[in-house]
Amino acid sequence: MKPFPKQDFTHSGVPSRAAQTGEDAGYGQLRRRVLDLTGIDLDCYKRQQMLRRLDAILSRCHLSDLGQLANELKPGSPILREFMERFTINVSECFRDRPRFDQLAHEILPTILQRNPAPRIWSAGCSYGAEPYSLAILLKEAHATRATILATDIDPKILETARAGASFTANDFKNMSRDLVQRYFQPQADGTFRINDQAKTMVSFKQHNLLTEAPGRDFDLILCRNVTIYFTEEAKDQVTTMLANALRPGGVLFIGETESLHRPTRFGLNMRSTSFYERAA
Ligand SMILES: C[S@@+](CC[C@H](N)C(=O)[O-])C[C@H]1O[C@@H](n2cnc3c(N)ncnc32)[C@H](O)[C@@H]1O
C-alpha cells in the first residue's frame, strides 16, 4: 500500500476527511474491499482526485471515515452503487470532440476500411454508449456494414444503460446534425431518445478493466478517450502498452482531446496526428 501524503486539502483549503483518515488502517481496508468487490485498484488512480471523490462519498453516505465506508461496501448495497457512481466518472456525449471525429471519418476510417472491409473496433471506457454508438453511426454512413464494435467499461451498471441504448438526451446531440439525430434516434415518451436498431446491433458490450489483459487482439482501431486521465503515470503506461499490443500493425489508437502520449515509440506507436497514433508495422 502506498502511504497517503501527510496532508491533503480539498479545494476549500480544509483537509479532506478522506485525507485525515487516509493514513490509518481504514485506507488499506477500503483498498482491499474495493479491489475484491469491483476489481478497481485505488492505487492506480491519481491520489488528489481520488481523495476528493472519496470525500464526496463519505459526505453523501453520512460516514465518518474510510474504515466505516469499507465495512458498508457489500455486494448489491446502495453504498456500493453510490461508490461506483462517484468513482467512475461517466460524462460523455455523442461525437465528443467533433473535429477529431471528422478526421476519423474522412482520413482514418477510409484507410482502415481499404485495408480491411470488416474492421474490428474497440471503444474502451465506453460509459453509457455515446462513443460506440457514434462510431456505429459513422460506419453506417460509410456503408461499412461488416465492421464490428466491442464496447467495454469497468462499471456494470453503466453498461446496462449502454446496452439499452435508451437514455440519450438533447445534450448528447450538440455535435450532431438534426438530420443525423432524426435518422438514428427515436424520441421516447419521457423525453429521452433511443438509438435505432440498425446502429445498435453493430455494438456488443462487455465488462472489462483496462488494468487487466485486453479483451481481444488485432483491432484495427481502438478508442480510449477521457479514461486514463484519472490514472497515475505508471497505470497509464501499463494501459497504453496493453492497448498498443492489442492493435494489429497499422492499427490506430484514438485518444482524448486533452491527452497526449509522451514518447509514443516506446509503445511501438507513431503519432499520425493530434489524438491519433498508429502501431508500427
Ligand atoms: C469520462 S468517461 C469517458 C467516456 C467516453 N470514452 C468519452 O470520452 O466520452 C470514463 C469511463 O471510464 C470508465 N473507467 C474508469 N476506470 C476504468 C477502468 N479501469 N477500466 C475500464 N473502464 C474504466 C468509467 O466507468 C467511465 O465510464
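Mentor: What follows is a short talk about salt bridges.
Trainee: What sort of model is it?
Mentor: This is a predicted model, where local features need pLDDT of at least 70, side-chain atom pairs count only at pLDDT 80 or more, and totals for chains, interfaces and linings use all residues. Residues are numbered from 1 along each chain as its sequence is written, and side-chain values use heavy atoms, with hydrogens and water left out.
Trainee: How many salt bridges does the whole structure have?
Mentor: The search finds 17, a salt bridge being a side-chain nitrogen of Lys or Arg within 4 Å of a carboxyl oxygen of Asp or Glu.
Trainee: Which residue does D155 pair with?
Mentor: R81, with the closest N and O atoms 3.3 Å apart. D155 sits in the loop between β2 (148-153) and α8 (156-164) and R81 in helix α5 (residues 78-87), so the pair ties together parts 74 residues apart in sequence. Helices (H or I, at least four residues) and strands (E, at least two) are DSSP runs, numbered from the N terminus.
Trainee: Is D155 buried or exposed?
Mentor: Buried, at a relative accessible area of 0%, while R81 is partly exposed at 22%. Buried means under 20% relative accessible area, exposed over 50%, partly exposed in between (1.4 Å probe, protein chains only).
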